[in-house]
Amino acid sequence: MIGPAGGGPTRVDDRVGPMNPQLAVRVAIVGSIALVMFAVIFLRLWFLQVLSGSQYVAQAKTNIVRRVPVPAPRGSILAANGAVLVNSVKVPAILVAPQTLPVPLTATLAGVNDPPADQRVYRRLAVALGMSTRPSTCRYTLSVDNAAGTLVAAHFAPKLAAIPCIVAQHAADITLGTITVATDVPVAEQAYISEHETEFPGVEVSQVSLSEYPQGALAAQILGTVGANANSATGGPLFGNVPAYDEVGQTGLEFQYNRYLQGHDGYARVEVNAQGQYQGETTPVPPTPGDNLRTSINLGLEQVGTRELQAAINNVGGNYGGAFVAMNPVNGQIDAMGSLPSYNPSIFNHPLTQQQYDQQFGANSGDPLLDRAIQSVGPVGSTYKVITATAALQSGQWQPNETFDDATGQFCVSGQCLSNAPGDGALGNINIEQAIEVSDDVFFYHLGALMNVQNPFTQPQGGALQAWSKRFQINRAPGIDLPYAAAGTIPTPAFVEDRIKAEEQCDAGTGPYRYYEVVGGQYQFSATPAKGYVKTPVRPQGYCGIALLPNPGWTVGDNMHMAIGQGDVQVSPLQLTMVYAAMANGGYLVTPHVGEQIETPSGQVVEKISPGPRTNLHISPVNLQTIDTGLRLAASGPIGTSTNVMGSFPLPVYAKTGTADYIPTSGPNKGVDTAYAWYAAYVPPSATSKPIVIVVWVEDGGYGDATAAPVAREMLSQWFYGHTSSFTIGTSAFH
Amino acid sequence: MSSISPLRLTEPVTRQRARRAIIFDPLLLIAAVGLVGCSLMVLRDMRVSYPGYVSKQALYAGVGIVACMLVSRFDYSRLREYRYAAYGLLVLLNLIVYAMPAIQNAHRWIPFPLFNFQSSEFGKLLLILSLAAVMVERSRRPQSGWRTTFRMLAMALVPALLVIGQPDLGTGLVYVTVGVGILFFGGIGWKQLAGIGGLAVFAAVMVIAVGPAVGVNVLHGYQKQRLTTFINPPKVCGQNDSTCYQLQQGLIAIGAGQKTGQGIKGASQIQGLFVPVADADFVFAALGDFYGFAGAALVLSLYALLIWRAIRIMTMAKNLYGTLLAGGILSMLMFQVFVNVGMTIGIMPVTGVPLPLMSYGGSSVLVTFLAIGLLQSVYIQARLASGAKARVLLV
């Protein structure tokens with residue numbers, strides 16, 4: 001059946017050989033086309049592969065290599081003697097690598113959109129680690145496409161179990177990195193997960209750096225916290241020069257000295273495929289650990305101060321807070337500083353549920369995150385009298401040897417009468433030194449009245465008392481090397497007028513109070529209409545509670561209250577420390593500082609932190625001597641306010657007690673008439689080679705001598721002799 | 001051949017039959033087997049990313065080679081009789097797929113267990129068989145050039161449009177090319193050829209430029225994008241511009257191959273799945289990445305050999321039908337090779353045309369081997385018809 005004789009069409013034309021000149025030409029044409037095409041293809045290939053091949057090799061490399069940052073361990077924060085306050089330690093951890101999950105994680109596939117295959121891994125992992133699988137509210141933010149096609153941050157709050165919640169919370173800023181879901185995992189669980197690798201795709205057992213706090217809650221607010229590099233207000237990074245995925249200092253020294261502590265991230269070069277899935281790794285570039293910060297904190301003093309302050313708080317019921325500051329009055333270095341209640345910052349090493357956070361830092365916690373030593377301002381009571389005395393003497397309105405007859409224990413001016421503290425009777429003829437010794441309120445009311453301006457409208461900034469308060473920089477935030485230090489308040493006629501005007505505008509819904517919005521139970525006002533704001537209605541006089549209406553404005557009574565540190569005057573413990581340091585160092589306002597030097601991890605000094613400048617207040621030596629004498633008498637004189645605490649101390653202590661009436665407008669003691677107990681004491685450089693000024697404040701501590709002074713006494717004892725001493729507190733006749 | 005029994009035959013007959021049995025074009029076979037061997041090598045190199053492809057392709061190649069040998073044993077001339085049946089089957093097969101479940105959003109396949117039958121691929125052969133036969137018929141009436149042209153074009157365009165609708169623009173264009181090729185080799189006048197050229201330009205302008213302007217979109221957006229992207233490729237591809245991405249990644253893969261290739265492990269563009277469909281339409285990119293200029297040159301040489309043999313066989317055919325069959329197959333092969341390779345190296349539009357014998361795919365490999373079998377049949381018949389003359393032709 002095969003062959004020329006076989007079947008098939010046998011028409012004549014089939015038998016005719018098809019080749020003819022016409023076909024030959026056409027075959028030649030097609031052959032030429034083929035030749036030209038091959039030539040073009042070869043030339044193009046030569047160009048692509050031989051001439052520009054290396055360029056394409058480079059492109060192929062950038063295609064596959066991703067830099068995965070390896071965060072640098074943070075530097076340590078050390079006490080003055082080198083004791084570790086914060087340390088970065090490597091701990092075993094369970095990590096989720098989003099790209100090697102059964103379904104690789106993307107911003108859209110997280111949280112509520114977790115693929116079932118990933119959810120199964122999370123569930124198995126939770127069981128293996130003993131973590132909760134019960135869903136609870138989980139807040140996270142992802143970048144999503146909006147209708148216009150641009151990426152916007154979207155906030156979610158579904159109910160999720162612990163692990164998917166942690167993953168979702170990190171999905172937005174993790175591309176090829178890892179997400180830590182558990183740390184300090186027992187060896188047995190690490191081993192179980194390592195051995196059952198196939199059951200846990202996307203789960204890694206590794207080590208992560210965590211901050212360790214060997215001293216627990218000690219000085220927590222000074223050290224500060226570490227967290228994601230995101231500014232909650234602007235949404236941008238907190239530190240612009242640090243990648244968004246890095247952890248940075250959020251508060252305290254961690255924030256202030258972040259650029260030293262941060263270190264430089266290393267990176268691993270990870271090879272990926274087109275889907276961004278992990279294919280392998282090349283030699284990593286190790287991170288450079290952050291440098292250490294050596295502080296001026298004296299560990300022993302810090303411990304004693306914290307312990308004694310806690311004891312003092314416990315003595316008055318334990319529901320309140322307090323703070324202490326110990327500073328070198330000559331150069332401003334902070335020897336100890338504390339705020340109670342405190343917390344152990346290691347709590348932030350593990351993700352907190354909202355419930356845990358509320359319990360730790362919520363409304364009834366006493367606000368442990370607040371650094372009361374630098375961030376709280378309030379009336380400081382009689383401790384303010386040194387400023388009053390300085391102002392009176394320096395302005396020439398009182399002479400060092402001038403006497404005043406406190407005949408009745410009461411001082412009246414234009415019908416307003418103010419009395420000495422309860423229990424303090426009439427003291428008769430006294431000079432300013434004696435007035436300081438016994439903290440005679442009537443004497444200082446008199447000074448306040450003397451220094452009051454005749455016409456508050458022509459002198460809106462007040463008189464000598466306001467001028468000297470300003471010179472002591474009560475109205476400015478101290479330049480300490482810690483963030484968010486608060487400025488105090490100096491009451492002036494203008495200040496009172498502004499408050500009255502604000503009350504009137506608020507009640508009438510005008511000026512900056514024209515529109516309002518309620519955020520979290522708090523009123524927010526705006527002068528211009530803004531989104532969410534509504535027009536403020538007209539309300540009865542005095543509705544807003546900024547000032548009483550009708551209000552006579554600035555009166556002599558305001559100045560008298562200010563003279564004894566009451567009323568509207570507000571000072572932070574740190575500011576008061578600076579005031580007393582000036583008394584101790586000959587009249588200089590120092591810049592307080594905690595940081596001493598930057599050291600490499602091996603201890604070499606990288607940089608000495610230069611303390612800020614000190615300002616000469618230009619107080620005449622005679623006047624200063626007069627006040628110092630008064631302060632010395634107050635701590636050691638026969639009728640000194642804290643003689644019964646400090647009188648027996650071997651070194652010359654200069655001190656002043658203070659008790660301030662205060663009604664907090666927020667916090668757990670809102671609306672309760674509270675007596676702030678203050679104590680400011682120093683041992684000047686003339687008496688010792690290690691001068692120190694100490695301020696102690698106990699919220700609702702009652703009389704300063706009874707509650708705050710003993711804390712200072714124990715701190716002085718620790719500072720000079722290295723141990724605390726037992727001593728008996730008597731009851732001073734004067735407060 | 002079952003009748004062959006050496007014991008019963010006389011010696012001269014045996015010699016004659018034996019010689020006849022080994023008649024085939026060895027160079028054509030070398031080219032085809034060499035190419036499918038290269039395909040298997042490339043697929044084996046990327047077995048991690050495309051697991052199981054190499055063994056399936058080997059199976060298709062084995063079946064294809066057997067089919068090729070079987071087909072080459074038959075006299076192709078008999079197929080002329082079945083021209084209308086072949087054409088009917090062609091249209092039918094390309095209609096059936098529309099009733100089949102879509103695979104990857106396309107109605108191109110008739111699913112069988114183990115194998116998805118791609119109608120349009122087999123249709124290429126059916127079209128060649130039927131068009132060549134019709135052309136032979138029409139060539140007896142040389143005065144009716146325009147009518148022949150129109151009829152042939154219409155016969156090619158109907159299935160072509162069916163295929164383009166599946167959608168498979170590349171194979172549809174193969175149909176048109178085959179139609180024009182057979183007309184060209186069938187001796188249609190230059191006037192008519194010029195007319196076809198004019199029509200092609202007109203159609204292209206209408207479809208790509210005028211049509212969309214008046215709201216008639218013959219091509220899908222992505223198809224148009226594919227056709228035009230290569231002319232002016234953007235430096236940075238748009239997020240949803242998969243054509244641009246494909247082209248760019250393919251170029252990087254080929255370029256990165258340099259002179260001798262990056263080897264199996266080094267070819268990150270392929271192993272990392274950066275080049276889409278590196279197993280099929282972009283297999284030349286994979287070849288370039290693995291074996292560099294050297295490998296690409298070798299494969300191109302095999303294609304040159306294949307095309308040269310097709311041209312040679314066309315010229316030596318014993319009758320016009322053989323010439324036109326070979327001409328149709330030549331048109332198909334040239335179009336696919338140049339368009340596919342040209343697309344991969346960025347000098348041709350992106351059309352989904354497989355690279356014959358190199359691209360992974362059962363239908364494509366099988367059809368190409370059947371076409372080679374037909375070429376062999378034309379060759380064998382020519383040799384048998386012209387006796388000793390063929391030996392001269394061979395060289």
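Visitor: Which strands of chain A does helix 20 lie across, and at about what angle does helix 20 run to strand 28?

Guide: An angle here runs from 0 to 180 degrees between N-to-C directions, the axes being lines fitted to C-alpha atoms, for helices over the stretch in contact. Helices (H or I, at least four residues) and strands (E, at least two) are DSSP runs, numbered from the N terminus, and two residues are in contact if their C-beta atoms, placed from the backbone, lie within 7 Å. Helix 20 of chain A (residues 621–636) lies across strand 28 and strand 29 of chain A, and runs at about 80° to strand 28. The model is predicted, and local features need pLDDT of at least 70, side-chain atom pairs count only at pLDDT 80 or more, while totals for chains, interfaces and linings use all residues. Residues are numbered from 1 along each chain as its sequence is written, with chains lettered from A and ligands numbered from 1 in the order in which they are written.

Visitor: What is the strand order of the open sheet of five strands in chain A?

Guide: Strands of a sheet pair through backbone hydrogen bonds, either parallel or antiparallel. Two strands are taken as paired if DSSP finds at least two bridges between them. In chain A the order is 16-15-30-29-28, with antiparallel pairing. Strand 16 (334–340) and strand 28 (654–662) of chain A stand at the edges with a single partner strand each, so one side of each is left without a neighbour in the sheet. Inside this order, strand 29 (residues 674–683) and strand 30 (residues 692–698) of chain A pair in the antiparallel sense over seven bridges, and A:Ala677 has A:Val698 in strand 30 as its bridge partner.

Visitor: Which residues of helix 3 of chain A are buried, and which are exposed on the face turned away?

Guide: A residue is buried if 20 or more other C-beta atoms lie within 10 Å of its own, exposed if 12 or fewer, and partly exposed in between, with C-beta atoms placed from the backbone. In helix 3 of chain A the residues A:Gly53, A:Tyr56, A:Ala60 and A:Asn63 are buried. Seen down the axis of helix 3 of chain A, these buried residues fall within an arc of 70° (the arc being that of the directions from the helix axis to the C-beta atoms), so they line one face of the helix. The face turned away from the buried side carries the exposed residues A:Ser54 and A:Thr62. Cover for the buried residues of helix 3 includes helix 2 of chain A together with helix 10 (242–257) and helix 12 (268–271) of chain B.

Visitor: How many residues does each chain give to the contact between chain A and chain B?

Guide: Chain A gives 43 residues and chain B gives 46 residues. On the side of chain A that touches chain B, helix 1 (12–15), helix 2 (21–51) and helix 3 (53–64) of chain A each supply at least two residues, and helix 2 gives the most, with 18 residues.
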